[in-house]
Amino acid sequence: MVFADLFFLYIFLPLCLISYFAVKNIKYRNAVLIIFSLLFYAWGEPAVVFLLILSTIVNWLLGLAIDKHRNDKLGKLAVAASLIYSLGMLMVFKYLGFITENLNLIPGVNIPVPNITLPIGISFYTFQIISYILDCYWDQVKVQKNYFRFLLFVSLFPQLIAGPIVRYSVIETEITNRKTTITDLSEGACRFMIGLAKKVILANNLWTIVEAFFTDDITGLSVLGTWYTVIVYALYVYFDFSGYSDMAIGLGRIFGFHFNENFIHPFICRNIAEFWQRWHVSLGSFFRDYLLYVPIGGKRRVYLNLFLVWFSTGLWHGASWNYIIWGLYFGVFILIEQLLGKKRMKAIPAVISHIYSKIVIIIGFGIFYFEDFHQLGDFFKNLVGANHNALSDTIAVTSMVNNCFLLAVAIAACFPISTLIGKLTEKTKATVAVAQMCKLVYCLGLLIICSLLLVDATSNPFLYFRF
Amino acid sequence: MAKRDNTTDAAKTKRSKSDDSSASAQRRQKTDTKFWFRFISISVIVPVYLSLVICMLVMPRSTISNIEKRELAKFPEFSWESYWSGEYTDGIKNYFDDTVPYRDTLKQAASRLTKFLGIEYNNVQVSGQMYVVNNNDKKDNAASADDKKESAAVVSQTSPAASSVNTDTDTESDTEEIKPKGQEIADGVFTNGSIVVYQDGHYRAMSMYGGGSGSSYINALNNFAKDLSGVRVYSMIAPTASEFYTPKNFSDYNASQEDDIVDINNKLSNVTGINICPVLAKHVNENIYTRTDHHWMSLGAYYAAQTFAKEAGVPFADISKYKKKSIEGYVGTMYTFTDNNADLLNDPEDFIYYEPSNNIKTEYYSQAYSFSYEGQLLQYIEDTSSLYMTYMGGDGYVTKISTDVKNGRRLCVVKDSYGNAEIPFYTSSFENIYVVDMRYFELNLVDFIRDNNVTDLLFTMCSYSAVGTNADNLEVLRTRNSAPAVVSEEPKEEEPDEVSSSHEEEPSSKAEENENQNNDNDENNDYNDNYDYNDNNGEYDNYGDDQYYEEW
């Protein structure tokens, strides 16, 4: 099931909310959340939900073992077992097809490529489990002795299938002790509706543009058309994914959980390192904490770890070479920025650093889009007009004018406008009142528009489902 | 090391969090207003949301969509198999999403909302898969660089003059294209390489033409002419509707078909190239092209056939000698090609065709030329979206027509589906007509023409086939070693299933039509009493025209 869906919005969610707020005791509330979370997951994956449950049982037990044998070999063994289990799961369900395909490229090797469908959200919940196990082992968090609380942490439906990757430490106390305040409820609901609008109004409509221009054969696309489409695609990915994170964070707040921010206006960054501090923060910080500082590679540690982090970041996004290239591509720019040093980076005029970072990011999204290398090659040639393609074409221009308001709103929404409005209106009571009322009307309006558009839409899966 | 980094980080996040919450607590105490407004917010959001939920649940669910003319999803039936595959839960979700109360009204409201995405540019809206107009193709492949320069120079010289002429009068000149419709601006959408425009009170859908050199077409035809000395060879490429009806504001999406046809004709040797664009251009205000299908109407094919007959020097019967037939409620293939354009679906047209009144005998053969059955030239087609298959039931068979004409002329028509509509008009011009589809014929065409003593060979197909990959097959037809015809073997069905357009019609009108058609059959069926079309009906259904479009 996805959030941007009438069935979720008008049947699943109200049932869940009513059941949740009908009971007062936190135990029952947790039970309600577990039941609805498993139902939510099983709705799309009736069989694979058992894999999720199995993963939670195995890792809960291993967590207990780590706690008990903290200082002896068994503890280390338990950590290793858990990591092997988690990474093995990912290997089998996500990368086996990719690995065999690549092995088959070696002459003489001919392994049948298995056809395994990727269980929804496996990349997200597996990473949550890994972070829990490592935090336990490093004594960052107390082990969770109650299985159902652990199950709740892993399966909590707001973040289950498309992130953010919530750390156990973030919601550790809130699992047993949380309250939904009026502020939480109101802010959470508004946040959810804004996220929904990002997905349904912006992302879905941006996608129709991308789909129209990035077809199987892009050789005829003009230079302008190629740049236009890849920019639209970058905006699409941002609104699709950050919209989902907004909805997750909003829903979490309604239930009294406070997740960390996952997107902090990434496109206003001045360099690539900053971009990754703002884009999909929960993934970036995961790799930073659990891979970057893990001592592997001796003297050349820094470079090897940097390579590993960006290789993994790429690979995490999909079982295809273009994602790996995409990850390493960013890694290279981050390395260059590191070598230049913070001082010199700061000395670069703002205009230049913005142009530099935006071009790198936009081209990066082109790499992200094209899984096929021939197409990717065409894409690069198209960007500079090396495909005998025209500079501009009527269809692209028409599409731009046809979608000018959409594009203007999308670009404006990349900036922290709501924070700005909040600051401007904070001065007097009257302005606060007006701002709050406007926000209310605005959010409800968005809900109604989204519902209408959802009636019109046939299908609109989230992009990040694949990961 | 790793531990320490992690610790500090975790500590930092914890600290910043507690800072955050205490700060927000302070702020809350300071400004109660914000809190109270949040309280008001939530006391508005909750009832609004709940009433929306109640409306969704309590109001009667929609069962059919009038805009899309389809039945909406039904609640799925439970089985463990469908449950484990996820189909059942998915079905429930789809049922709920599809059968929203007042669906059509809401959908229309939503489509009005999408107008706010931007501004219409030259009255054009683009959507669906894009399509590239390769105006350069032809020049790259065929013409030399000098030619290009020259033609460019000519254009730049003449265009100011030409445009000034155009604005004043509809003057005809030899080099100027006559496109009365092309001078207008019309509202429309561009979807998947096709456009739907509103012209003269109706919607018309057309596939845009991308252009091409037709080099393999030229090459194959010239070779045919070499191999078949003594046989008159003609090429009559059929332009598609976009040549005549593309509004001015869509002209950038469309290449000129006449330019390509003239180009091809100039490169043919010992082949008579016929350009029917000027002929059809004179009749654009008549019903020469379907509005809802990618083919032409019978009348367009009539004018083409007339031009060919004149060129070939054979008698030709005026259209008044034919029985005009009309079937209502025709919405052809363009509906599906335009992602089910609702405007098109709700603006059906009449399918009009002409039945020869002279005595003819029509025999159907497999693609390897073994006899299948004797039937009617114009067949009854049940599915109104496939009415273009009226002509010989589509492209599934090689057709041999014997007429009452005695002039010693025997015609072989090598065609794609466009040629089908011309065939009835040749029945008063030739003794025998052999109709061969250039995509599916399985024998050596040169041998076939020799064996049947064909005197006239006509290549007639639409511009897409002539400049596209279909034309590659012509050389195959000429050079292949064909096995001798296997007697009494049904043609193998290789095409994918027909793309069915999900279009419904009222049962009553269908029954009426059915009856009319039956009567027609009886009237004109003097010579093949044994023929029972119901037996064969299933077979023709397999040859939808729809899929051929993809091969263009």
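Mentor: One thing to keep in mind is that this is a predicted model. Let's start at Ala471(B).
Trainee: Okay, is Ala471(B) buried or exposed?
Mentor: Ala471(B) is buried, because 25 other C-beta atoms lie within 10 Å and the cut-off for buried is 20 or more.
Trainee: Where does Ala471(B) lie?
Mentor: In a loop of chain B, between helix H17 (463–467) and helix H18 (472–479).
Trainee: And which residues is Ala471(B) in contact with, leaving aside its neighbours within four places in sequence?
Mentor: Gly214(B), Ser216(B), Tyr217(B) and Ala220(B) are on the list, along with Ser465(B) and Ala466(B).
Trainee: How much of chain B is buried?
Mentor: Buried residues are 40% of its 552 residues. If you take contacts in chain B between residues at least 6 apart in sequence, 77% of them join residues at least 24 apart.
Trainee: How many helices and strands does chain B have?
Mentor: Chain B has 21 helices and 16 strands. Eight strands of chain B make an open sheet with mixed pairing, and the order is E8-E7-E16-E14-E15-E13-E11-E12.
Trainee: Which strands stand at the edges?
Mentor: Strand E8 (272–275) and strand E12 (371–375) of chain B do. Each has a single partner strand, so one side of each has no neighbour in the sheet. From one strand to the next, the twist averages 20°.
Trainee: In which sense do E11 and E12 of chain B pair?
Mentor: Antiparallel, over four bridges, with E11(B) covering residues 360–365. If you want a pair to click on, Tyr364(B) has Tyr373(B) in E12(B) as its bridge partner.
Trainee: Which helices lie across the sheet strands at the E8 end, say E7 and E8 of chain B?
Mentor: Helix H10 of chain B, residues 257–267, lies across E7 and E8 of chain B, at about 165° to E8(B). Helix H8 of chain B, residues 215–227, lies across strand E7 (232–237) and strand E16 (456–460) of chain B, and its angle to E7(B) is about 160°.
Trainee: Switching to chain A, what does the domain assignment give?
Mentor: Domain 1 (6–177) and domain 2 (184–466) of chain A. Their centres, taken over C-alpha atoms, are 26 Å apart.
Trainee: How many residues of each domain are in contact?
Mentor: 26 residues of domain 1 of chain A are in contact with 25 residues of domain 2 of chain A. On the domain 1 side, at least two residues each come from helices H1 (6–22), H4 (73–103), H5 (122–137), H7 (157–160) and H8 (168–176) of chain A. H5(A) gives the largest share of that side, five residues.
Trainee: What classes of residue are on that side of domain 1?
Mentor: There are 19 nonpolar, five polar and two charged residues on the side of domain 1 of chain A that touches domain 2 of chain A.
Trainee: Last one: at what angle do H10 and H17 of chain A pack?
Mentor: About 120°, with 7 Å between the axes of H10(A) (residues 223–254) and H17(A) (residues 373–384). The contact is made by Val223(A), Thr226(A) and Trp227(A) of H10(A) with Phe379(A), Asn382(A) and Leu383(A) of H17(A). By class, the residues in this contact are four nonpolar, two polar and no charged.
Trainee: Great, thanks!

Definitions and conventions: Residues are numbered from 1 along each chain as its sequence is written. Chains are lettered from A and ligands numbered from 1 in the order in which they are written. This is a predicted model: local features need pLDDT of at least 70, side-chain atom pairs count only at pLDDT 80 or more; totals for chains, interfaces and linings use all residues. Two strands pair if DSSP finds at least two bridges between them. Axes are lines fitted to C-alpha atoms, for helices over the stretch in contact, and angles run from 0 to 180 degrees between N-to-C directions. Two residues are in contact if their C-beta atoms, placed from the backbone, lie within 7 Å. A residue is buried if 20 or more other C-beta atoms lie within 10 Å of its own, exposed if 12 or fewer, and partly exposed in between; C-beta atoms are placed from the backbone. Ala, Val, Leu, Ile, Met, Phe, Trp, Tyr, Cys and Pro count as nonpolar, Asp, Glu, Lys and Arg as charged, and the others, Gly among them, as polar. Domain bounds come from an automatic or database domain assignment.
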